[in-house]
Amino acid sequence: MTTDTQKDDQTEGPVIADGVDDEPVEHNRRVFTGRTYIAIAAISGFYALFHMAALNGWSIERWTSIDIPFLPVFPMETWNFRIVHIAGALILGFTLYSARAFPEDEGSTGHPLDYLAMLALLPALYASYTAIGFAAQIRGGVMWNGIDEGIKAAETYHYGYPLIAATVLGIVIGWLRPRVRGTIAPADIVLSVCGIGVAIYLITIFGTLMRNSTGTPFAPIGMSLAAVAGTALIMELTRRVAGLALIIIAGVFLVYVFVGDLLPGFLNAPDITWQRFFSQVYTDAGILGPTTAVSSTYIILFIIFAAFLQASKVGDYFVNFAFAAAGRARGGPAKVAIFASGLMGMINGTSAGNVVATGSLTIPLMKKVGYKPTTSGAVEAAASTGGQIMPPIMGAGAFIMAEITGIPYTEIAIAAIIPAVLYFVSIYFMVDFEAAKLGMRGMREDELPKFKDMVRRVFLFLPIIILIGALFMGYSVIRAGTLATAAAAVVSWFTPYRMGLASVAKAFELAGIMSIQIIAVCACAGIIVGVISLTGVGARFSSVLLNIAEANQLLALFFAMCIAILLGMGMPTTAAYAVAASVVAPGLVQLGIPMLTAHFFVFYFAVVSAITPPVALASYAAAGISGANPMATSVASFKIGISAFIVPFMFFYNGAILMDGTWFEVIRAGATAVFGVFLLSSGVQGWWVGDRAAWPIRIGLLIVALFMIEGGWISDLIGIGGAVALFALAQMTRPKVAT
């Protein structure tokens with residue numbers, strides 16, 4: 001029961017979400033003002049607009065019939081587009097993010113290391129100039145190859161070595177130089193120029209027949225040298241925007257390339273020279289492969305969509321609508337968190353980021369109505385993580401799955417419906433039973449936004465509806481996303497936050513900034529995917545999984561689950577799934593598991609790695625807001641999201657949960673599965689038929705829940721019969737209330 005003090009705190013007026021759409025500023029993010037801000041905002045906005053134009057085939061020539069020789073005509077050639085996509089993120093990323101967090105006592109301008117960085121700028125500029133010279137020579141008819149000694153020397157000494165030297169100096173000086181938040185460090189300018197130098201060379205070389213020479217003795221040495229610098233730049237930017245976890249994993253895989261021939265057993269790999277590996281890793285076999293393919297198309301498109309929703313304050317409306325709809329239920333703010341965080345997490349594609357956005361409002365309110373700080377943070381973390389599995393967008397996961405498997409996006413989105421329902425229903429039961437145990441109340445009418453006011457603005461859901469409708473009407477994902485983005489701007493005209501030209505420009509600016517992290521992460525994941533494909537370790541892992549399955553298929557699935565979670569720990573969802581799909585999914589398919597089921601199995605565990613101890617990014621972000629212990633919060637979020645660890649085994653045993661079957665089979669599977677997660681939640685929380693459950697009953701509930709999960713007629717009947725028996729047992733053992 002809430003205390004009087006807590007009740008007094010809640011009588012200050014209705015809870016109106018404000019600032020959910022505000023952009024968080026990270027500890028190492030630069031904040032600019034004046035002309036510098038205008039310049040950076042223009043670059044960021046142009047970067048996002050460039051993608052929107054390229055994806056939709058827009059060009060000045062198309063609309064004006066003006067022939068501009070040096071202007072790219074869209075759609076661009078695929079590899080060139082992806083190279084520019086990564087280069088733009090590197091430029092923006094190094095401009096906006098410092099190598100380390102800004103201290104309270106910032107350094108001053110004019111540091112001696114700045115002069116060293118300016119010297120390092122010279123080889124970076126020279127390498128870029130040399131790459132342009134190579135392009136001119138190739139255009140003039142010079143036959144370029146990896147055998148000619150003159151070409152090899154020119155690429156090595158006039159391009160590769162200066163580029164790598166400038167890259168290393170820029171990274172090291174960035175670490176050592178005291179930070180100034182409002183200025184761009186010269187070392188980061190060096191890294192941006194290095195990114196341009198890598199892009200110029202690769203576009204030049206890949207634009208010739210040399211694309212077919214990757215991984216052969218005919219590949220120019222410059223390919224390998226450019227890829228070394230590019231890999232270092234991608235990993236450094238990823239470290240700045242996403243932390244060390246993914247960098248450590250990528251580093252381990254890179255080391256494996258060169259020591260794999262020394263390892264025993266299934267880890268043994270062929271001896272690969274550094275020239276051969278790096279000539280291939282910056283191609284569609286690695287960095288430019290599926291992860292960047294998705295980040296350069298679907299992901300950035302939906303980031304632009306999310307930025308338009310953010311600029312028009314639709315996110316605030318979503319949260320207010322959730323409060324108006326669910327706030328009156330017992331433990332209301334926790335149920336609001338489930339609805340609002342799931343909806344926002346579906347769009348923004350990052351569990352930890354969504355925790356910061358919506359948790360800043362929901363977590364304090366959960367604490368006010370009586371939830372412990374640990375539970376408050378755990379509920380928010382579990383709900384935000386669930387947004388990644390909620391169709392139709394699934395935090396961009398559906399698009400990556402479609403790219404990797406070749407399965408149509410709409411089929412993936414439909415298959416995700418029942419598993420997502422099971423996850424969120426389970427969390428709802430968990431928080432409801434917790435509220436019942438603590439005797440909580442719901443929020444009062446005067447504490448909430450007026451539901452009738454929210455209904456009047458229900459048209460703000462129109463962009464989501466248009467997106468879903470367009471996708472299922474057969475429009476391409478790109479066209480549907482563009483229509484939904486335009487709809488977000490149009491519906492804002494009926495709100496106080498009407499989007500004009502300035503607001504649209506701001507939305508594109510936000511989109512450019514918001515895209516940096518996910519682009520860096522996807523490119524870094526591409527390095528890992530490249531190692532897996534080029535060393536063949538994925539195929540050898542599949543054979544190990546097959547050997548385990550010969551003894552016990554369930555044990556093989558458990559092993560695959562552990563690997564997927566381990567690979568995903570500390571990584572954003574998109575990268576976690578991309579890596580796990582390369583390592584684990586092929587082995588599951590070889591076990592005879594359908595492609596869609598295998599990838600959903602991997603995807604689920606890659607997602608829930610965000611709430612799995614000991615490295616649980618979403619839980620740690622929530623703990624920072626709730627003030628609870630991070631490890632305790634991660635354990636609590638694991639408990640609340642426990643169904644996500646069971647659901648993948650459910651659709652392995654019963655494909656109807658993924659819509660694979662007749663309508664009767666699908667409905668029966670969905671209904672019995674919901675009842676199963678209800679029993680599971682009751683057993684975990686220890687609340688059964690309106691009262692606390694003793695341990696024997698809790699254990700019985702967990703057992704009968706597992707019977708319901710199996711999905712067969714006999715197991716369902718056993719589960720239902722067991723639940724009835726436990727209900728009768730609870731009634732018989734309940735203490736009599738004196739009258």
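Visitor: Which way does H16 pass H27, in a right-handed or a left-handed crossing?

Guide: H16 goes past H27 in a right-handed crossing. One thing to keep in mind from the start is that this is a predicted model.

Visitor: OK, and what angle do H16 and H27 pack at?

Guide: About 140 degrees, with 11 Å between the axes of H16 (residues 397–405) and H27 (residues 595–608). The two helices are therefore oblique to each other, since the label "roughly antiparallel" needs an angle over 145.

Visitor: Which residues make that contact?

Guide: From H16, Gly397, Met401, Ile404 and Thr405 take part. On the H27 side you'll find Met595, Leu596, His599, Phe600 and Phe603.

Visitor: Good to know. What about H9 and H10, at what angle do they cross?

Guide: Roughly 140 degrees, and the axes of H9 and H10 (residues 274–281) come within 10 Å. That makes H9 oblique to H10. The crossing is right-handed.

Visitor: Which residues of H9 and H10 meet there?

Guide: H9 brings Leu254, Val257 and Phe258, and these meet Trp274, Phe277 and Phe278 of H10.

Visitor: How many residues has H23 got?

Guide: It has 15, running over 537–551. From its first C-alpha to its last, H23 reaches 22 Å, close to the 21 Å expected at 1.5 Å a residue.

Visitor: Switching to H21. How many of its residues are buried?

Guide: 12 of 16, so H21 is largely enclosed by the rest of the structure. Among the buried ones are Val477, Ile478, Gly481, Thr482 and Val491.

Visitor: What do the buried residues of H21 pack against?

Guide: They pack against H2, H11 (290–311), H16, H17 (409–415) and H20 (462–472).

Visitor: And how far apart are the end C-alpha atoms of H21?

Guide: They are 23 Å apart, which agrees with the 22 Å that 16 residues should span at 1.5 Å a residue.

Visitor: How many residues of H7 are buried?

Guide: 17 of 21, so H7 is also largely enclosed by the rest of the structure. H7 covers residues 186–206 and reaches 30 Å from its first C-alpha to its last, close to the 30 Å expected.

Visitor: Let's do single residues. Is Arg30 buried or exposed?

Guide: Arg30 is buried, with a relative accessible area of 4%. You'll find Arg30 in the loop between H1 (4–9) and H2 (34–56).

Visitor: What is Arg30 in contact with?

Guide: Leaving aside neighbours within four places in sequence, the list includes Phe94, Tyr97, Phe102, Arg181 and Asp188. Take Phe94: it is 64 residues away from Arg30 along the chain, and their C-alpha atoms are separated by 9.9 Å.

Visitor: And Glu434, buried or exposed?

Guide: Glu434 is buried too, at 12% relative accessible area. Glu434 lies in H18 (residues 417–438) and touches Tyr371, Thr375 and Gln685, not counting residues up to four places away in sequence.

Visitor: Where is Ser626 found?

Guide: In H28 (residues 617–626). Ser626 is buried, with a relative accessible area of 3%. With residues up to four places away in sequence left out, Ser626 touches Ile363, Lys367, Pro373 and Gly377.

Visitor: Last one! What's the phi of Met659 near?

Guide: Near 65 degrees, a positive value in a residue other than glycine. Most residues other than glycine have a negative phi. Met659 sits in the loop between H30 (647–653) and H31 (663–685), and at 27% relative accessibility Met659 counts as partly exposed.

Methods: Residues are numbered from 1 along each chain as its sequence is written. This is a predicted model: local features need pLDDT of at least 70, side-chain atom pairs count only at pLDDT 80 or more; totals for chains, interfaces and linings use all residues. Side-chain values use heavy atoms; hydrogens and water are left out. Helices (H or I, at least four residues) and strands (E, at least two) are DSSP runs, numbered from the N terminus. The expected span of a helix is 1.5 Å times one less than its number of residues. Axes are lines fitted to C-alpha atoms, for helices over the stretch in contact, and angles run from 0 to 180 degrees between N-to-C directions. Angles under 35 degrees count as roughly parallel, over 145 as roughly antiparallel, 65 to 115 as roughly perpendicular and the rest as oblique. A crossing is left-handed if the near helix is turned anticlockwise from the far one by less than a right angle, and right-handed if clockwise. Contact means heavy atoms within 4.5 Å. Buried means under 20% relative accessible area, exposed over 50%, partly exposed in between (1.4 Å probe, protein chains only).
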